[in-house]
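User: I have a model open and want to go through it piece by piece. Can you take my questions as they come?

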Amino acid sequence: MLLRNSTLFQIKLTRFINLKKNYKSSMEGKQPFDFILVLDFEATCEKNIKLQPQEIIEFPILKINTKNFAIDDVFHQYVQPTTNKQLSKFCTELTGITQDMINGKPNITECLNVVDEWIKSKNDLKLDAENNPINFIFLTCGDWDLKTMLPSQCKYFNINYSNYFKNWINIKKSFAQMTGHFPKGMPVMLKMLNLTLDGRHHSGIDDCKNIAKIVREMASRGFIFVKT
């Protein structure tokens, strides 16, 4: 079974590599969004235990300009959890985030306010009267960040969060649309695109940078990013 799965993967990989010959440069096509905001949370965790609540401890955002797919701006904030204040050894080993890095940092409510101020300080990020994004969208690696993590934490602490977090692009789905292969994670996408994994996997900011590389490479092969 392992051999068969490996063979199927290699076939898909070969077909995908050959697709590159048929794509035009993305920079020639019009993307539906002027900006893509790459987001990748890290949260409190423990080995073989489901924490209740699980709380965001790293909140990074990369602002990508779809005219050239360069990173225009960066937001990065470590967040102090409210309930499980002491990070587990497993969490630190997984994410690289130590207790000193979150002590004294804003809690999730304060962090969301800072994010809102950051977004609204960017004159080129347009919002309507109800805080729905007009010309930008968030992008995540999977649906967990904005479908599960942020809503569940906000529900637990009775926090209202902005409408611009309620629509997003799941790059795994985008990647599957382009290649016919649904990836298990970011490393698989990097490998199939012949890109290196830079920095530390499961560091939120490093993951964002690697995801941004995937976005740029997909765009360079002609992919048009739409809400998934």
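Analyst: One term before the questions start: a polar contact is a pair of N or O atoms within 3.5 Å; within protein, one of the two must be able to donate a hydrogen and the other to accept it, and residues adjacent in sequence count only if both atoms are side-chain atoms. By that rule, a polar atom of the Thr95 side chain lies 3.1 Å from the backbone nitrogen of Ile97. Residues are numbered from 1 along each chain as its sequence is written. The model is predicted, so local features need pLDDT of at least 70 and side-chain atom pairs count only at pLDDT 80 or more, while totals for chains, interfaces and linings use all residues; side-chain values use heavy atoms, with hydrogens and water left out.

User: What else does the Thr95 side chain reach?

Analyst: A polar atom of that side chain lies 2.8 Å from the backbone oxygen of Cys91. Thr95 sits in helix 2 (residues 89-95); helices (H or I, at least four residues) and strands (E, at least two) are DSSP runs, numbered from the N terminus.

User: Is Thr95 buried or exposed?

Analyst: Thr95 counts as buried because its relative accessibility is 3%. Buried means under 20% relative accessible area, exposed over 50% and partly exposed in between, with a 1.4 Å probe and protein chains only. Leaving aside neighbours within four places in sequence, Thr95 is in contact with Glu42, Arg200, His202 and Ser203, where contact means heavy atoms within 4.5 Å.

User: Step back. How many helices and strands in the chain?

Analyst: The protein chain has eight helices and six strands. From the N terminus on, their order is α-β-β-β-β-α-α-α-β-α-β-α-α-α. Of the 228 residues, 47% are buried.

User: And what pLDDT does the chain average?

Analyst: The average is 92, and 87% of the residues score at least 70; pLDDT is the predictor's confidence in each residue, from 0 to 100. Over residues 21-26 the pLDDT is below 50, and that stretch has 13 contacts in the model beyond near neighbours in sequence.

User: Which residues have the most contacts inside the largest nonpolar core?

Analyst: They are Ile36, Leu139, Ile171, Val215, Met218 and Phe225, in a core of 28 residues. A nonpolar core is a set of buried Ala, Val, Leu, Ile, Met, Phe, Trp, Tyr and Cys residues joined through side-chain atoms within 4.5 Å. Strand 1, strand 3, strand 5, helix 6 (171-179), helix 7 and helix 8 each supply at least two residues of this core. Its largest share, eight residues, comes from helix 8. Apart from this core lies another, of 27 residues, among them Ile56, Val79, Leu112 and Cys154.

User: What does Met218 touch?

Analyst: Leaving aside neighbours within four places in sequence, Met218 is in contact with Ile171, Ser174, Phe175, Met178, Leu193, Phe223 and Phe225.

User: And Met186, where is that found?

Analyst: Met186 is in helix 7 (residues 186-192) and counts as buried because its relative accessibility is 3%.

User: What about Asn131, buried or exposed?

Analyst: Asn131 is buried, with a relative accessible area of 17%. Its phi is positive too, near 65°, and Asn131 is found in the loop between helix 4 and strand 5. Asn48 counts as exposed, at 77% relative accessibility.
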